[in-house]
Amino acid sequence: MMADIFSASFITGLIGATLRMSTPIILATLGEIITERAGVLNLGIEGIMLFGAASGFLATLATGNLWFGILMAALSGVLLALLMSFLAVNLGLSQHVAGLGITIFASGLAMFIYRKAVGSPVVPPTVHPFSPLAIPFLSDIPFIGESFFKQYFLTYITWALIPLVSIFLFRTRFGLRIRTMGQNPFAADTVGVNVNRTRTICLAIGGALFGVAGAFLTLAHQNMFLIDVVGGRGWIAIAMTIFGNWNPLMGSLGGLMFGFLDALQLRLQSVGIHLPIHVFLMIPYLMTIVALVGVSRKATVPAGLLKPYRREEKGG
Amino acid sequence: MVDITKRFVDVVANDKVSFSLFPNEVCALLGENGAGKTTLMNILFGYYLCDSGEIRIYGRIVRLGSPKDAIAHGISMIHQHFTLVPSQSVLENAMIGVEGGFFLDKKKARKRLLEIEKQFGLDLDPDAMAFTLTIGQQQKLEILKALYREAKILIMDEPTAVLAPIETRELFATLRTLVDNGRSVVFISHKLNEVMEISDRILVLREGKNVAERKKSETRVQELASLMVGREILESLQCSDSAAGNTVLQLKNLRVRNSKGVVALDGFSLDLREREIVGIAGVSGNGQTELSELLFGIRRPEEGSIVLDGKEVPGGSPSAMIRAGMARIPEDRISTGVCMDLSVMDNMILVDHCREPFSKLGLINGREIRSWVLDRVRDFQVKTDGVDAPVKSLSGGNLQKVILARELAGQPKIIIACQPTRGLDVGAMEYVHQAILRQKERGAGILLISDDLDEVLLLCDRVIVIYEGRIMGELCSDGIDRERIGLWMSGVA
Ligand SMILES: Nc1ncnc2c1ncn2[C@@H]1O[C@H](COP(=O)(O)OP(=O)(O)OP(=O)(O)O)[C@@H](O)[C@H]1O
Ligand SMILES: [Mg+2]
């Protein structure tokens with residue numbers, strides 16, 4: 001059995017699976033980082049991912065077009081994020097309550113439209129999912145080629161997004177504005193930045209990423225929709241946001257680690273080592289708690305997080 | 001600005017106020033706490049919308065719907081509480097909002113910032129993080145921010161309230177340069193001497209209305225004070241001379257480190273007796289904050305002991321301090337003095353809520369509390385929409401009154417007052433001074449920590465000067481020698 005674990009095929013398989021499994025987490029984490037950098041905690045993430053999983057799946061089921069499914073997932077993510085924005089940004093309700101409300105609402109809605117569309121068949125309907133895309137030449141590199149360069153197109157996009165989001169946040173003027181309003185919305189307002197509009201835009205970008213992350217699960221990772229398909233990955237993304245100190249690179253690293261644990265767990269089971277899946281699911285959270293102890297000492301938590309912004313309320 | 005009216009739920013903050021500003025001048029805006037100065041300027045800055053009235057800039061009627069519009073018209077405002085992002089650099093703080101292209105061009109921005117710094121004699125390292133700046137430097141950064149936006153009109157809301165005298169002088173020099181370079185400045189302050197020093201024209205508001213406008217050359221401090229309050233102010237305080245009693249607070253050989261781990265107080269000893277006011281004078285940042293934190297029980301000494309009323313108390317326990325009869329007026333009223341989202345009533349009862357008759361068998365008696373709080377609000381003339389209004393709707397000065405009302409209401413044995421009149425108008429200041437003297441007559445021992453040397457000299461029986469956490473010297477009120485104190489404050493023995 002040990003020999004199985006250290007075989008070359010086990011390891012290349014593990015690396016490949018790690019990259020696959022981390023894709024939705026990283027996408028969702030990037031979305032949450034953008035949102036939280038602007039000062040909004042979107043706890044609707046889990047529900048939005050599930051809804052994206054359902055709408056993407058159904059759109060593909062109906063048209064047979066996978067990319068149409070992805071597009072619909074992104075769009076529905078944006079719509080739900082706009083609802084979140086209306087509640088938490090425009091009305092200034094508690095971000096916790098609004099976010100959890102969205103998660104409950106979107107999960108219910110996802111189940112509802114799925115049932116409406118397919119009824120309750122004994123065998124759930126399936127789509128023909130994305131197949132991995134081998135990059136010519138690179139995928140022929142012995143040993144690593146197979147695991148790194150034979151991935152889903154969405155996985156490549158995700159990896160490209162990591163530096164892009166970093167550049168967006170730290171090198172562009174929108175990034176500067178987003179970071180400023182996340183730290184001190186009053187400061188952003190007094191230099192002429194429209195706080196609530198920018199927050200809405202950030203929520204929408206995040207929502208699109210959540211939706212696509214969900215659809216990855218039903219259109220690439222699996223080929224059907226199950227009610228527990230997201231399985232807490234939204235919450236993991238929230239944890240990774242904190243773990244990564246609101247930094248896209250670090251957050252993605254956390255997502256990668258989670259993907260690794262997820263993949264390891266599946267692989268170990270396939271070679272006959274049975275550990276309860278929950279042990280593995282627990283690890284990212286433990287990691288986050290440990291990281292939080294460190295993070296809470298450094299003042300990088302966006303200071304404006306959770307605070308709705310309204311004028312005409314300040315004393316002085 | 002013509003006939004500006006602004007109403008908040010019940011209060012009329014501005015009632016047909018008119019205000020004008022000319023190129024190359026400093027115009028001071030005076031008025032009691034809650035007179036509507038900040039509100040008026042927030043309207044000019046587009047932060048609040050006025051209910052009626054019009055604003056003209058260079059003769060043209062403009063609509064200022066948001067700070068963005070105001071900035072586009074060359075108006076910038078520096079608020080009482082700075083609007084900096086601590087975790088970003090000076091450069092990033094300056095360029096936000098006017099970054100230019102899609103990507104941040106820091107090289108170009110830095111060049112521009114350095115040019116402005118040179119032109120106006122403001123030197124700040126563009127790469128320093130904002131949280132490392134002193135208060136004075138933060139203010140420079142705010143001014144730089146405004147200049148970076150090509151501000152023609154600069155509004156400064158109580159800029160000197162938090163500055164040490166030297167920093168104030170620097171600020172005034174900067175303001176002069178600005179005015180000489182064709183800018184105009186609106187200057188809000190309660191310190192009448194400063195107003196007389198820096199401004200060319202003075203506008204006085206009272207209860208949201210214009211009451212007077214004076215050229216500097218045509219007025220005097222006394223006149224301004226009475227215009228503001230609507231009555232004569234005579235800060236000649238009467239206090240029956242009574243001998244100090246037993247020692248109530250004894251600090252022995254204290255050594256304290258600040259949050260950065262640097263020794264902030266060293267070898268600090270002090271005796272405070274009943275019926276005595278001891279003043280701690282010094283340029284801010286020389287250990288005053290740490291001293292007050294220590295006495296409030298929120299910072300532990302590394303060495304030395306604190307003896308309250310004959311009993312040694314452990315450091316780091318706020319409740320032990322309260323039980324020993326200490327009233328505490330913190331220097332940072334927003335973060336340690338009040339809870340901004342709670343009502344005036346809740347804030348007033350914070351300290352006393354668990355004693356009879358406000359609480360019986362663990363239950364709060366709302367009626368008792370309400371009537372007690374109403375009395376305090378009346379005594380201290382807190383201007384508020386009612387005791388249920390959240391304190392964040394109060395003006396800066398009224399916020400301070402809430403704290404004073406809470407802390408001075410009981411019969412404290414010891415009072416630690418940090419900057420008790422910062423941001424208060426002359427009328428309120430007189431009131432606070434009298435409240436402190438009344439407490440002294442009643443028998444309290446009072447430690448007054450203040451940057452305002454005039455205040456210290458006016459009230460105190462003894463003055464202790466600190467510099468870099470050490471006591472430089474001590475003088476009794478009958479042997480006050482300003483020159484000597486000044487030297488001590490700058491570290492010359
Ligand atoms: N956002 C707000 N909501 C409700 N009332 C407010 C608000 N801002 C100010 N007020 C009220 O308007 C009045 C004028 O307040 P303002 O802050 O303009 O006074 P000020 O002249 O700046 O006083 P201070 O010298 O104490 O700073 C006060 O009675 C205040 O309570
Ligand atoms: Mg004010």
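Reply: Two strands pair if DSSP finds at least two bridges between them. The strands (E, at least two residues) and helices (H or I, at least four) are themselves DSSP runs, numbered from the N terminus. This is a predicted model, in which local features need pLDDT of at least 70 and side-chain atom pairs count only at pLDDT 80 or more, while totals for chains, interfaces and linings use all residues. Residues are numbered from 1 along each chain as its sequence is written, chains are lettered from A and ligands numbered from 1 in the order in which they are written, and side-chain values use heavy atoms, with hydrogens and water left out.

A hairpin of chain B shows the pairing rule at work. Strand S9 (residues 201-206) and strand S10 (residues 209-215) of chain B run antiparallel and are joined by 6 bridges. Val204(B) has Ala212(B) in S10(B) as its bridge partner. There are 2 residues between the strands of this hairpin, and Glu207(B) takes a positive phi near 45°.

The part to look at closely is a sheet elsewhere in chain B. It is an open sheet of 6 strands with mixed pairing, in the order S16-S19-S20-S13-S21-S22. Its edges are strand S16 (326-329) and strand S22 (470-476) of chain B, each of which pairs on one side only. On average, neighbouring strands are turned by 15° against each other, direction ignored; axes are lines fitted to C-alpha atoms, for helices over the stretch in contact, and angles run from 0 to 180 degrees between N-to-C directions.

Within the sheet, strand S19 (residues 414-418) and strand S20 (residues 445-449) of chain B run parallel, with 5 bridges between them. Opposite Cys418(B) stands Ile449(B) in S20(B). Helix H15 (residues 426-442) of chain B packs on the sheet, where it touches strand S13 (276-281), S19 and S20 of chain B, and its direction makes about 135° with that of S13(B). Contact here means heavy atoms within 4.5 Å. Another helix, H14(B), lies across S16 and S19 of chain B and runs at about 175° to S16(B).

Helix H14 of chain B spans residues 396-408, and Arg406(B) is found in it. Arg406(B) counts as buried because its relative accessible area is 6%; buried means under 20%, exposed over 50% and partly exposed in between, with a 1.4 Å probe and protein chains only. Leaving aside neighbours within four places in sequence, the contacts of Arg406(B) include Asn347(B), Met348(B), Leu350(B) and Asp352(B). The side chain of Arg406(B) also reaches the backbone oxygen of Gly337(B), at 2.9 Å. A polar contact is a pair of N or O atoms within 3.5 Å; within protein, one must be able to donate a hydrogen and the other to accept it, and residues adjacent in sequence count only if both atoms are side-chain atoms.

Ala409(B) is found in the loop between H14 and S19 of chain B. Ala409(B) is classed as partly exposed because its relative accessible area is 26%. Not counting residues up to four places away in sequence, Ala409(B) touches Trp372(B), Arg376(B) and Leu404(B). Its C-alpha atom is separated by 35 Å from that of Gly486(B), 77 residues apart along the chain.
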